[in-house]
Amino acid sequence: MIMTNLNKLAESIIISLQQYINTLGYRPVVHFELEGCYQKRNNISVDYNNVNQSLSKLGIDGEVVAEYWSNQWEYVSLFNGQSPLKEAQNLHNAIHILPKLFARQGVDNTLIKPVVWAGDTGKLASGCNNIFSLDKRAVHIPNAVQINVSLQDKNNSNVLTSGDFAERLQENFMATSLPCCLLYLPEEDAFERLALKTKYGLAAELCSPVDISGGHQGSVALYRDIGKHNQKMGVEPILYDDKNNVLLSRDNWHKTARIEHRLGASSERYNPFLNVIYALLNIIDTLDDVKPQLSAKSTQLPASLYDKSDCFGAIALFAGDSWFSQTIDRTLAQQIGYSSTQQVSEISDGQLLKQYYLKQFQQADIII
C-alpha cells in the first residue's frame, strides 16, 4: 500500500514539475541505463531481438543489449521523445517484466542487483585494457543505473551546448548527490558495490565510480564534444563503402550533450519515479538560479545505509536534509491550479513523499 501511494504521489508531482519547466519555455529530457545479469545453462543463448520486440509491444521505450561481462546485460532507453514521466514508467515496467522475458528465453534467474558475487572470472593482463591473463580469479560484477539529463528550448535546441547552464546544472547535481544518495543507492549491497575495486583488488577490471566527482570523466559527468573515454561525442556516419565501412561521418555533439549521473546502483528497490523527480528538481534549481546550499566539491559517499561510528548513513542523510521536499513544495506552490493530493493540510506533498520513501527503510520492531 505504501509503495502504491508513493508511486501515485510521485507521478502527480512529476507531471507538475514537467509543467513548471514547460512554462519557463523548456522541455526536460531524461533517459535511463540499467545493468543486470542472468544465470543460465551454457547451452542457452539469449535472443535479445526477441526480448526487445516484446518490450516494444508493451510500449516500453527501451531495448536490452549485451554488456561487458559474461551473462551481463544492459537496458538502454530509446530516444523516442518520451516525457520524463513516461521514462520513469518505462524503467519501472522494465524492472518488473525483464525477468519474465528472460525466463521465456530459458534463463534460470535474472539478477537486478548492485553486485553479482563471483559473476565472472578473469584478470586483465598487466598494462592491458581488454586482454585477460591466465589468472581465473572471481570477479564480482557491479551493476549500475545511470540517469542522463539534458534540456531543450522552444526551438528544440539543447541548452547544455552553450553558456554556463551545463556547468551550473552539474554543480547542482554534485551538491545534492550526497544528501539524496538514498534515492539511487537503495540497498546495503549498493555500498558494497562502491567498495569493490579497493576491497577486492579489482581496480584494473572495474571502472564504476566510487565518489562524487565532476568533469567529463567523473561520477557526475558533463558530456559535450568529448565523452568519458575522451572520444568524440555524437559521431554520426553519413557515407559507407560496399563493405559497410564508414567513409564519412559528422560530429553532432549538440544533440547528445548531457549530464550523466553515474552513481546509481541496479536494484529491484530502485525507484525510477523518485529519481526522475530528483533530476527535474536539479534542472528547476538551475533554471531558477537557486544556488546550491551544500558543497559541490568531490566527496566520498557513505559506507552504508546505516550510521557508522564516524559518519551518517544514507538513511540519516536523506532524513536530515530538507532540499528534496522543500524544492518540490516551492515548485508546486508556483503552479497555478495545482491541487494537493492531501485532504489534511498539516503535511505538504513534498514532505509526504519523503515520509513514504523513508518508511521502506524502517527496521521492523523485534517482539520477544
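Modeller: A residue counts as buried when its relative accessible area is under 20%, and in this predicted model Cys37 is buried because its value is 2%.

Biologist: Is Cys181 buried or exposed?

Modeller: Cys181 is buried as well, since its relative accessibility is 0%.

Biologist: How many disulfides does the model contain, and how should I read that count for Cys181?

Modeller: The general idea is that a disulfide is a covalent bond between the sulfur atoms of two cysteines. In this structure the count is zero disulfides; for Cys181 the nearest cysteine sulfur belongs to Cys180 and is 8.2 Å away, whereas a disulfide would require the pair of sulfur atoms to be within 2.5 Å.

Biologist: Where does Glu74 lie, and which residues is Glu74 in contact with, leaving aside its neighbours within four places in sequence?

Modeller: Glu74 lies in strand E3, residues 72-77, and is buried, because its relative accessible area is 11%. With those sequence neighbours left aside, the contacts of Glu74 are Glu33, Leu34, Glu35, Glu63, Val64, Val65 and Glu67.

Biologist: Why is helix H11 described as largely enclosed by the rest of the structure?

Modeller: Helix H11 spans residues 349-359, and eight of its 11 residues are buried, so the rest of the structure largely encloses it; among those buried residues are Leu352, Tyr356 and Tyr357.

Biologist: At what angle do H10 and H11 pack?

Modeller: H10, residues 323-333, packs with H11 at an angle of about 145°, with the axes 7 Å apart, and the crossing is right-handed. Residues of H10 including Phe324 and Ile328 meet a set in H11 that includes Asp349 and Leu353, and by class this contact has four nonpolar, three polar and three charged residues.

Key
Residues are numbered from 1 along each chain as its sequence is written. This is a predicted model: local features need pLDDT of at least 70, side-chain atom pairs count only at pLDDT 80 or more; totals for chains, interfaces and linings use all residues. Side-chain values use heavy atoms; hydrogens and water are left out. Buried means under 20% relative accessible area, exposed over 50%, partly exposed in between (1.4 Å probe, protein chains only). Helices (H or I, at least four residues) and strands (E, at least two) are DSSP runs, numbered from the N terminus. Contact means heavy atoms within 4.5 Å. Axes are lines fitted to C-alpha atoms, for helices over the stretch in contact, and angles run from 0 to 180 degrees between N-to-C directions. A crossing is left-handed if the near helix is turned anticlockwise from the far one by less than a right angle, and right-handed if clockwise. Ala, Val, Leu, Ile, Met, Phe, Trp, Tyr, Cys and Pro count as nonpolar, Asp, Glu, Lys and Arg as charged, and the others, Gly among them, as polar.
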